[in-house]
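Biologist: Before we talk about any assignment in this model, I would like each label to be set against its definition. Could you show me the sequence and the structure?

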Amino acid sequence: MSLHPTLQPYADAWTHSIDAISELVQQLVEADWNRRTPCPGWSVRDVVSHVIGLDSEMLGDPRPIHTLPRDLFHVTNDHQRYTEMQVDVRRHHTAPEMTAELEYTVIRRNRQLRNESRDPGTKVRGPLGAELTLEEAMRNHAFEMWVHEQDLRTALGRPGDLDSPGAYIVRDVLLDALPEVVAVRANAPRSSAVVFDVHGPVEFLRTIRIDIQGRGSLETVPALGPAASFALDWETYVRLACGRVTPESVSDRVKAEGDLELASAILRNFTVTR
């Protein structure tokens with residue numbers, strides 16, 4: 001194995017999620033491919049199409065030449081239009097076509113990873129022509145694969161893997177975004193703190209501390225007398241942060257204390273995926 005040690009956790013997470021996705025969809029009947037998932041506007045077929053598209057782009061394949069319909073209500077910005085291209089081009093593919101393309105793409109990606117010898121800092125192509133490091137690209141990829149595995153599990157009634165390798169990468173990515181959510185988007189008071197107590201298959205206690213300049217930082221030390229605090233389960237945390245549910249729909253699963261106006265502002269701005 002020539003993969004750099006820094007990249008190995010992302011490869012392991014991808015492998016675990018893609019194997020789970022392949023197993024989930026392998027025996028689906030045609031009607032199941034049309035089931036709605038928590039990902040806005042997307043069916044099971046659409047999520048799998050996106051997964052195939054993501055791996056195709058990691059392989060460096062050319063993007064499809066395709067014109068999107070004008071009536072896709074869930075497509076509202078350039079990033080979504082870019083993403084939707086790989087999805088819409090496969091909307092009329094049959095179940096055998098979908099599983100065959102997924103299997104072939106996974107075989108190619110496994111071969112690519114076995115032969116991957118580039119440094120984590122190598123620049124690679126990202127969405128909309130953005131330039132990322134290989135490490136950033138693989139981290140983002142592992143994140144998306146696990147989240148979409150959960151989308152499929154929810155749609156198909158097959159819960160699981162909430163503590164698989166990808167879950168911990170998702171945890172870290174979402175925690176990295178939390179200071180901006182609290183300090184910038186929700187405009188938490190300066191010299192204050194907000195605590196998140198998450199329980200379940202993945203557990204953590206984190207504090208977002210806002211300094212006198214209004215900048216937020218992530219800490220593992222609990223705050224005494226925080227401005228607001230949240231207690232919720234891991235699955236709800238993920239679904240909120242990834243825009244799969246609204247705060248109102250899971251209000252019975254989120255316990256907020258302290259400044260409830262601030263807590264409400266944080267929950268309104270909690271989604272960090274595009």
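Modeller: What follows is a set of questions about labels, each answered with a value and its cut-off.

Modeller: This is a predicted model, in which local features need pLDDT of at least 70 and side-chain atom pairs count only at pLDDT 80 or more, while totals for chains, interfaces and linings use all residues. Residues are numbered from 1 along each chain as its sequence is written, and side-chain values use heavy atoms, with hydrogens and water left out.

Biologist: How many helices and strands does the chain have, and what makes a run count as one or the other?

Modeller: The chain has eight helices and seven strands; helices are DSSP runs of H or I with at least four residues, strands are DSSP runs of E with at least two, and both are numbered from the N terminus.

Biologist: Why is the chain called as compact as a globular protein of its length?

Modeller: The globule rule, 2.2 Å times the number of residues to the power 0.38, is set against a radius of gyration taken over C-alpha atoms. For 274 residues the rule gives 19 Å and the chain has 20 Å, which is close, so the chain is as compact as a globular protein of that length. Its C-alpha atoms fill a box of roughly 55 × 40 × 35 Å along the principal axes.

Biologist: Why are α2 and α3 called roughly perpendicular?

Modeller: Axes are lines fitted to C-alpha atoms, for helices over the stretch in contact, and angles run from 0 to 180 degrees between N-to-C directions. The axes of α2 (residues 44–58) and α3 (residues 78–88) come within 8 Å and cross at roughly 110 degrees. Angles under 35 degrees count as roughly parallel, over 145 as roughly antiparallel, 65 to 115 as roughly perpendicular and the rest as oblique; α2 and α3 are therefore roughly perpendicular to each other.

Biologist: Which residues of α2 and α3 meet?

Modeller: Contact means heavy atoms within 4.5 Å, and Asp46, Ser49, His50, Gly53 and Glu57 in α2 meet Tyr82, Thr83, Gln86 and Val87 in α3. By class, this contact has two nonpolar, five polar and two charged residues, where Ala, Val, Leu, Ile, Met, Phe, Trp, Tyr, Cys and Pro count as nonpolar, Asp, Glu, Lys and Arg as charged, and the others, Gly among them, as polar.

Biologist: What makes β5 and β7 edge strands?

Modeller: Two strands pair if DSSP finds at least two bridges between them. The open sheet of five strands has the order β5-β4-β3-β6-β7, with mixed pairing. β5 (216–219) and β7 (254–258) each have a single partner strand, so one side of each is left without a neighbour in the sheet.

Biologist: Is tyrosine 237 buried or exposed, and how do you know?

Modeller: Buried means under 20% relative accessible area, exposed over 50%, and partly exposed in between, with a 1.4 Å probe and protein chains only. Tyrosine 237, found in helix α7, has a relative accessible area of 1% and is therefore buried. Leaving out residues up to four places away in sequence, tyrosine 237 touches Leu174, Leu175, Leu178, Phe196, Val198, Phe204, Leu232 and Phe270.

Biologist: Why does serine 22 count as buried?

Modeller: Serine 22, in helix α1 (residues 8–26), has 19% relative accessibility and so counts as buried.

Biologist: What makes asparagine 187 and serine 191 stand out in phi, and why is each called exposed?

Modeller: Most residues other than glycine have a negative phi. Phi of asparagine 187 is near 55 degrees, and serine 191 has a positive phi of about 60 degrees. Asparagine 187 has a relative accessible area of 60% and is therefore exposed, and serine 191, at 54%, is exposed as well.
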